[in-house]
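Here are some notes on the two-chain model, as promised.

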Amino acid sequence: MTGPFVPKILVLATEKCAYPGADAVGKAHQEYPSNVYILRVPSPVLFPEDFYLGCYNQGIDGILIAACGSDCPYHGAYERLAARIDALTSHLSAGGLEIERIRLTAICTVCIKAFLKEVAQMSDNLHRLGPVNRALAEQLHRESVQRLRATARSPQFVPALQGAL
Amino acid sequence: MSNSDELRAKHYNEQEPRPCGEAECDEEAHTQQQIALAGWQAGNRLRADGEEDPLRIGVYICRCGGNISDVVDVERVAETVRLIPGVTIAKVHTFVCSDPGQHMISNDILEENLDRVVVASCTPFLHEQTFRGAVARGGMNPYLYEHVNIREQASWAHKHDPEGATAKAIRMIAGAVGKLRYAQPLEQIKLPNHRRALVIGGGLAGMKAAADLASRGIKVLLVEAGTRLGGHLNQWGKVYPSERTAAELVAELTQRVQHDPNIKVLLNSRVTAVSGFIGNFKTAIESRHHSASMQSRAEVTVGAIIMATGFRPYVPRDGELLYHSQPCVLTMPEFIQLLSSVSPDTKKLTYHQQAIRKIAFLHCVGSRQLDGVHEPGANGRLNTYCSRTCCTTILQQALAVRRRFPDVEVFDFNQDIRTYGRGEENYYSEASKAGVVFFRYNGEEPPQVHRTPSRRISNGALTVTVKDALTWGQELEVAVDMVVLGTGMMPGQIEDLIGQMKLATGEDGFLQEVHPKLRPVEVAVNGVLLAGTAQGPMNITETLAAAGAAAVKATAMFAKEDVEVHPYVAQVDPALCHGEAQCVTQCAYEGALKLVEMEVDGEIVSRAEVNAGLCVGCGACVAVCPHRAINLNGWRLDQFEAMVEGIATDLPQPPCASELVSIH
């Protein structure tokens, strides 16, 4: 059952912009690789850094964050998201995981061409990079969870994140 | 047998398990299946102990009459997803959204004791609500339902990759099943509903909306910035298509509004602050009194706000088409004022002591502007839109001139005529019959207005030059005594309200509805409705219709004691929260998330608490909690993690060896 490497691409698509944008691609009967999985999210700002690293650990090779950009319906959410992705990128880079595996972009409800371009670009990058180093991702994930835990001001044991380790 | 019966019969036949080829269905294949099942199970954390999964999930896969099944092998999807732990049944149907399809779901919930449902079909924007309804009719909480989009995002997008599309459908369903594992039953959030509406703007739309609301027993506060009700109509003469005078219309509505005990009218007043949410808007209104030095401020809580803030007429720049440079270049509102100031007995039209014998009407002044042809306005924007009302207004006025002053010649310069409403085309044909002369120009070469050289000034002081498309591009010069600019509509100046209420505007700057067809008078902020030209250029008929629709929408909202809003808001688990307030610092919505004191085990502690009415559900708070104590209902982090796991986990071998082809 093993064949040539087919990267798994996860698209985190905002409910107000990019998700209907991805729908528009299908409605126009434009095609893109079937290994692209689109998750509807209110705003990707809700994801902590360890979520992305957890995805890599699960075997997701690349993540495209398709947000609303300046059309974001939530106050300040896009700016926060951009800052969070910046931080993630530097942690990826410092930890030795290729930063091309994450990309933040804005896709509107009718941005068919932009969607196709972003997906093709991510796909090209991932074919060049090969499969994600899951063991490394697991290690970075662990470090990320520890960083988040370290922000806790309470000295108590943190049971909720224990499962993540 | 009817067509749908046939479809159904076909469907039920296809429901039978497809026979395997003899060779393939041997023991080896079954062993494969066992291994596959074990493999799938191993990827699932809740089944690792070998216990029977407590969940009873029903998965329904839609053929969409071939839209999906022509590409995705839906039968194989069903056979494969049946192997996912927790999935009790997986069925295929030709149209799950049809009555029989929905009935199948609610029936199965009762008969098979399902506690979660997945439908894999079209985009959730079409039928997520439909299936939540079907699930609720089966007695299940509608938020234990998950929608998978395998049409727009699989069959239509991967037409030439049926294997890939099929595998994708399976993975997406596995993700949805994972998400449902962590789903919690949710209830729509109920909030008190203040049964009072604020209508901003006392023009035609505001008066109509107020009168309609009041007639249904709803208290209305009608706030008008000007000194009287009626808005722009106070400056107008006869209005199309009824040819009644605007004054009559204003008088009639003013009468209704002022005598209705349910309506309180505040003139010389402005809404200066708006906060809160549907059913519970807190607003501040400032009024000026007779002596301009006296001001008062009132705070009012209302359940709904109707934006009837209207438009601003386009005012040409000084010198644009010689406006403000030549006295006989008028905008349409100025011309209408002029006509209504002329006594009905007057047979000659004069202006500035000058006899007017020839008038030119120019269409699209300040509308349908083109980059490189027109100069952007003070806001840096071009008005690229059509103002919709100018064509008929020009023809109505041109016709009025020809009928009242038969000696006055009328010339009409247009790029095309848009008399789109009932009765409006008559103005065009009547104007043609009445001798109005039409010129047509290309939008990129609009007509120009010049002063007539003195040797020919007896023909008229102004000359309109045009490249006329009706005579195959001839350059024509028409000398006239007066030029009337068919000026369009601009968005009203309500930037403060837009900012405070977080309203969306379109590229044109007018307030934007949620959906032009499905939700035409609603905006993204629940409880705020649009009436009239605040939303875009409209004529009187359309304005009244929109205002009536907004009033109906508001009335429907007030029909309930409480307002119900979607439950996708943040929620704090007080058992995990340590009161460290990292989340609070991330929240951009005042009052939505704050620390409160509460007693836990006899001790007073701080814990984060969400105000469900103010939380918009962006999730900015979720990412920063070191204790994972805050989550978005319906979009929990563990749900997303489970979805990714479902998508990323290797698929089991297909259950039947005949299908042992790579689906990776």
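What share of the 165 residues of chain A counts as buried? The figure is 52%. Bear in mind throughout that this is a predicted model.

1. **Chain A overall.** Chain A holds 5 helices and 4 strands, and along the sequence they come in the pattern β-α-β-α-β-α-β-α-α. If you take the contacts with a separation of 6 or more, 81% of those in chain A are between residues 24 or more positions apart.

2. **Chain B overall.** In chain B you will find 16 helices and 32 strands. Of its 664 residues, 46% are buried. Contacts between residues at least 6 apart in sequence join residues at least 24 apart in 71% of cases for chain B.

3. **Where the chains meet.** The interface pairs 50 residues of chain A with 50 residues of chain B. On the chain A side, the elements giving two or more residues are helix 1 (18-27), strand 2 (36-41), helix 2 (49-58), helix 3 (77-95) and helix 5 (134-150) of chain A. Helix 1 of chain A gives the most to that side, with 6 residues. By class, the chain A side splits into 27 nonpolar, 14 polar and 9 charged residues.

4. **A sheet in chain B.** Have a look at the open sheet of 4 strands in chain B, which has the order 2-1-3-4 and parallel pairing. Its edges are strand 2 (87-93) and strand 4 (145-149) of chain B, each pairing on one side only. From one strand to the next, the twist averages 15°. Strand 1 (residues 57-62) of chain B runs parallel to strand 2 of chain B, and 6 bridges join the two. I57(B), for instance, has V87(B) as its bridge partner in strand 2 of chain B.

5. **Helices over that sheet.** Helix 5 (residues 124-137) of chain B lies across strand 3 (116-121) and strand 4 of chain B, at about 150° to strand 4 of chain B. Helix 7 (residues 162-181) of chain B lies across strands 1, 2, 3 and 4 of chain B, and runs at about 155° to strand 3 of chain B.

6. **A helix pair worth a click.** Helix 7 of chain B also meets helix 3 (residues 74-81) of chain B: their axes come within 9 Å and cross at roughly 35°. The crossing of these two helices is right-handed. Helix 3 of chain B brings R76(B), V77(B), T80(B) and V81(B) to the contact, while helix 7 of chain B brings T166(B), A169(B), I170(B), I173(B) and A174(B). That contact has 6 nonpolar, 2 polar and 1 charged residues.

7. **Helix 14 of chain B.** This helix (residues 540-558) has 19 residues and reaches 27 Å from its first C-alpha to its last, close to the 27 Å expected at 1.5 Å a residue. Its buried residues include A546(B), A547(B), A550(B), A551(B) and A554(B), and K553(B) is also one of them. The buried residues of helix 14 of chain B pack against strand 6 (196-200), helix 8 (204-215), strand 8 (238-239), strand 14, strand 27 (528-530) and strand 28 (562-565) of chain B.

8. **A buried loop threonine.** T309(B) is in the loop between strand 14 (304-307) and strand 15 (311-313) of chain B. Why does T309(B) count as buried? Because 28 other C-beta atoms lie within 10 Å, and the cut-off is 20 or more. Leaving out residues up to four places away in sequence, T309(B) touches I200(B), G201(B), G492(B), I494(B) and A534(B). V223(B) is 86 residues from T309(B) in sequence, with 9.8 Å between their C-alpha atoms.

9. Most residues other than glycine have a negative phi, and most peptide bonds are trans. Y240(B) and P241(B) are joined by a cis peptide bond, with omega about -5°; P241(B) is in the loop between strand 8 and strand 9 (244-245) of chain B. C364(B), in strand 19 (residues 358-365) of chain B, has a positive phi near 55°. It counts as buried because it has 27 C-beta neighbours inside 10 Å. R368(B) has a positive phi too, about 50°, and is found in the loop between strand 19 and helix 11 (390-404) of chain B. With 22 C-beta neighbours inside 10 Å, R368(B) is also buried.

Key:
Residues numbered from 1 in each chain as written. Chains lettered and ligands numbered in written order. Predicted model: local features only at pLDDT ≥ 70, side-chain atom pairs only at ≥ 80, totals over all residues. Pairing = 2+ DSSP bridges. Axes fitted to C-alpha atoms, helices over the stretch in contact; angles between N-to-C directions. Contact = placed C-beta atoms within 7 Å. Nonpolar A, V, L, I, M, F, W, Y, C, P; charged D, E, K, R; others polar. Buried ≥ 20, exposed ≤ 12 C-beta atoms within 10 Å, placed from the backbone. Expected span 1.5 Å × (residues − 1). Left-handed = near helix turned anticlockwise from the far one by under 90°.
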